[in-house]
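Here is a short report on one protein model. Read it with the sequence and coordinates open.

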Amino acid sequence: MRYTINLDCKTHSTKKDGTFPILLRVSINGEHIYINTGKHIKNSQYDRVNKCVKAGIKGYSKIDDFIDRQKGKIETIISENEKKG
């Protein structure tokens, strides 16, 4: 099974305060699933080219650590399901 987990932002879903949701895009064998992390960032804090939160912004390490933990949880779930068949 091939899979990737990438950060994505739903930029067309901007809230009144100018923020938009951070999503994790999980691709398994070419099929995409979007998981909302419940976190929001401003457009100026999102690096569209590298698809990540820009370093150096206030709260960057907190958001980045949270995203890494979520990716780890998803990888564990995928691995467990791979073992089960």
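## Core

A nonpolar core is a set of buried Ala, Val, Leu, Ile, Met, Phe, Trp, Tyr and Cys residues joined through side-chain atoms within 4.5 Å. Buried means under 20% relative accessible area, exposed means over 50%, and partly exposed lies in between (1.4 Å probe, protein chains only). The largest such core here has 15 residues. Leu 7, Ile 22, Ile 41, Val 53 and Ile 67 have the most contacts inside it. At least two residues of this core come from each of β1 (3-9), β2 (19-28) and α1 (60-84). The largest share, 5 residues, is supplied by α1.

Neighbours within four places in sequence aside, Val 53 is in contact (heavy atoms within 4.5 Å) with Leu 7, Ile 22, Ile 41, Gln 45, Tyr 60, Ile 63 and Ile 67.

## Model and conventions

This is a predicted model; local features need pLDDT of at least 70, side-chain atom pairs count only at pLDDT 80 or more, and totals for chains, interfaces and linings use all residues. Residues are numbered from 1 along each chain as its sequence is written, and side-chain values use heavy atoms, with hydrogens and water left out.

## Overall fold

The protein chain holds 1 helix and 5 strands. Helices (H or I, at least four residues) and strands (E, at least two) are DSSP runs, numbered from the N terminus. Along the sequence the pattern is β-β-β-β-β-α. The C-alpha atoms fill a box of roughly 45 × 25 × 20 Å along the principal axes.

Of the 85 residues in the protein chain, 27% are buried. Among contacts between residues at least 6 apart in sequence, 38% join residues at least 24 apart. Accessible surface comes to about 5,900 Å², and carbon and sulfur atoms account for 48% of it. These areas come from the Shrake-Rupley method with a 1.4 Å probe; for residues, only the protein chains shown count as cover.

## Strand pairing

Two strands pair if DSSP finds at least two bridges between them. β1 and β2 run antiparallel, joined by 7 bridges. β2 and β3 (31-42) also run antiparallel, with 9 bridges. Val 26 in β2 stands opposite Ile 5. Val 26 also stands opposite Ile 33 in β3. β2 is mostly covered, with 8 of its 10 residues buried.

## Turns with positive phi

Most residues other than glycine have a negative phi. Which residue in the turn of the β2 and β3 hairpin has a positive phi? Asn 29 does, at about 50°, and the hairpin has 2 residues between its strands. Asn 29 counts as partly exposed because its relative accessibility is 46%.

Lys 51 also has a positive phi of about 50°. Lys 51 lies in the loop between β4 and β5 (52-53). At 38% relative accessibility, Lys 51 counts as partly exposed.

## Aromatic contacts

Rings of Phe, Tyr and Trp (its six-membered ring) pair if their centres lie within 6.5 Å; planes under 30 degrees apart are stacked, over 60 edge-to-face, and the rest tilted. The whole structure has 1 aromatic pair. The rings of Phe 20 and Tyr 46 have centres 6.1 Å apart and planes at 85°, so the pair is edge-to-face. Phe 20 in β2 and Tyr 46 in β4 (residues 46-47) are 26 residues apart. Phe 20 is buried at 1% relative accessible area, and Tyr 46 is buried at 6%.

The charged end of Lys 39 sits over the ring of Phe 66, 4.7 Å from its centre. That label requires NZ of Lys or CZ of Arg within 6 Å of the ring centre and within 35 degrees of the ring normal.
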